[in-house]
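Please look over the sequence and the model below before reading on.

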Amino acid sequence: MRVLIVEDEPDLARVLGKTLEEDGFAVDLAHDGESGQHLAESVDYDVILLDLMLPRRDGWTVLGGLRKRKQTPVLIITARDAVGDRIRGLDSGADDYLVKPFELGELRARIRALIRRSAGRASAILSSGEVELDTRSRTVRRKGETVPLTPKQYAVAEYLLMHRGELVTRAMLYEHVYDEDEDTLSNVVDVYVAQLRRKLGQDFIRTRRGEGYIVDG
Ligand code: CA
């Protein structure tokens, strides 16, 4: 899953980015509203964390512009705890709202919930056939047995399972599994798919030739 953090306080941006990277997210950072809006509109993020008080363009304006084009889930993170600001944020198209300072555990849970909801999934556990993935503990089981996966293998499995029953193209996997700074040429998605089939069963991921991959729903 790929997340954009639009936050101008460098320390907070760094901590959030590091935390989410450790959780296996591909993370992009923007430190002002203008670059944040550009990234938000050009990349198909799974979730966007958006500060309100930002240099160059405030969060409400970023959100208003984004909502004319995209439905990406947006979680507002801000020190402004006035009720009016919260209402204005939600009415501008935000999906959720968290007031600083917040617990990282709560932020993680809200991000998971937003991603689930936007994919039309109600449960934190995703399954297909004999494979079961728990998005809270980031663990994968096959026939009840835990299967250790590398972070990138997990990211590919999670994206495919979140979109099970749908065709997932290679381009979609690249966009949602890597961030801006990663060298995707040395990390070919097909290799991860082959590794996942070895670990989780050859039938777990079907290839639709020339189009992409499908995990059965
Ligand atoms: Ca700020």
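In what follows, a residue is called buried if its relative accessible area is under 20%, exposed if that area is over 50%, and partly exposed in between, as found with a 1.4 Å probe on protein chains only. This is a predicted model, in which local features need pLDDT of at least 70 and side-chain atom pairs count only at pLDDT 80 or more, while totals for chains, interfaces and linings use all residues. Residues are numbered from 1 along each chain as its sequence is written, and side-chain values use heavy atoms, with hydrogens and water left out.

**Calcium site**

- The calcium ion is coordinated by D8 and D51, each through OD, and by M53 through O, at 2.1 to 2.3 Å.
- Donors are N, O and S atoms within 2.8 Å of the metal, or 3.2 Å for Na, K and Ca, and because water is not among the atoms, sites may look incomplete.
- Along the sequence, the donor residues of the calcium ion follow the spacing D-x42-D-x1-M.

**Domains and the nonpolar cores**

- The protein is divided into domain 1 (2-118) and domain 2 (125-214), with bounds that come from an automatic or database domain assignment.
- The C-alpha centres of domain 1 and domain 2 lie 25 Å apart, and the contact between them takes 16 residues from domain 1 and 13 residues from domain 2, where contact means heavy atoms within 4.5 Å.
- A nonpolar core is a set of buried Ala, Val, Leu, Ile, Met, Phe, Trp, Tyr and Cys residues joined through side-chain atoms within 4.5 Å.
- The largest nonpolar core has 44 residues, and L49, L107 and I111 are those with the most contacts inside it.
- Helix α6 (residues 151-162) gives the largest share of this core, eight residues; helices (H or I, at least four residues) and strands (E, at least two) are DSSP runs, numbered from the N terminus.
- Because domain 1 (2-118) and domain 2 (125-214) both give residues to this core, it lies between them.
- Leaving aside neighbours within four places in sequence, I111 is in contact with L20, F25, V47, L49 and L75.
- There is also a second, separate core of 19 residues, which includes I48, L50, L66 and I76.

**Aromatic rings**

- A search of the whole structure finds one aromatic pair, where rings of Phe, Tyr and Trp (its six-membered ring) pair if their centres lie within 6.5 Å, and planes under 30 degrees apart count as stacked, over 60 as edge-to-face and the rest as tilted.
- This pair is formed by Y174 and Y178, which are stacked, with 5.6 Å from centre to centre and 25° between the planes.
- Y174 counts as partly exposed because its relative accessibility is 24%, while Y178, at 1%, counts as buried.
- R88 lies over the face of W60, at 3.9 Å from the ring centre; a charge sits over a ring if NZ of Lys or CZ of Arg is within 6 Å of the ring centre and within 35 degrees of the ring normal.

**Two buried residues in helices**

- G36 has its place in helix α2 (residues 33-42), and G36 is buried because its relative accessible area is 0%.
- Not counting residues up to four places away in sequence, G36 touches L4, V6 and A30.
- G36 and G59 are 23 residues apart in sequence, and their C-alpha atoms are 9.2 Å apart in space.
- A13, in helix α1 (residues 10-22), counts as buried because its relative accessibility is 1%.
- With residues up to four places away in sequence not counted, A13 touches E7, L29 and H31.

**Backbone details in loops**

- The peptide bond from K100 to P101 is cis, with omega near -5°, and P101 lies in the loop between β5 (96-99) and α5 (104-118).
- R56, a residue other than glycine, has a positive phi near 75° and lies in the loop between β3 (47-50) and α3 (59-67).
- R56 is exposed because its relative accessible area is 62%.
- R138 also has a positive phi, of about 55°, although it is not a glycine, and R138 is found in the loop between β7 (131-134) and β8 (139-142).
- With a relative accessible area of 26%, R138 is partly exposed.
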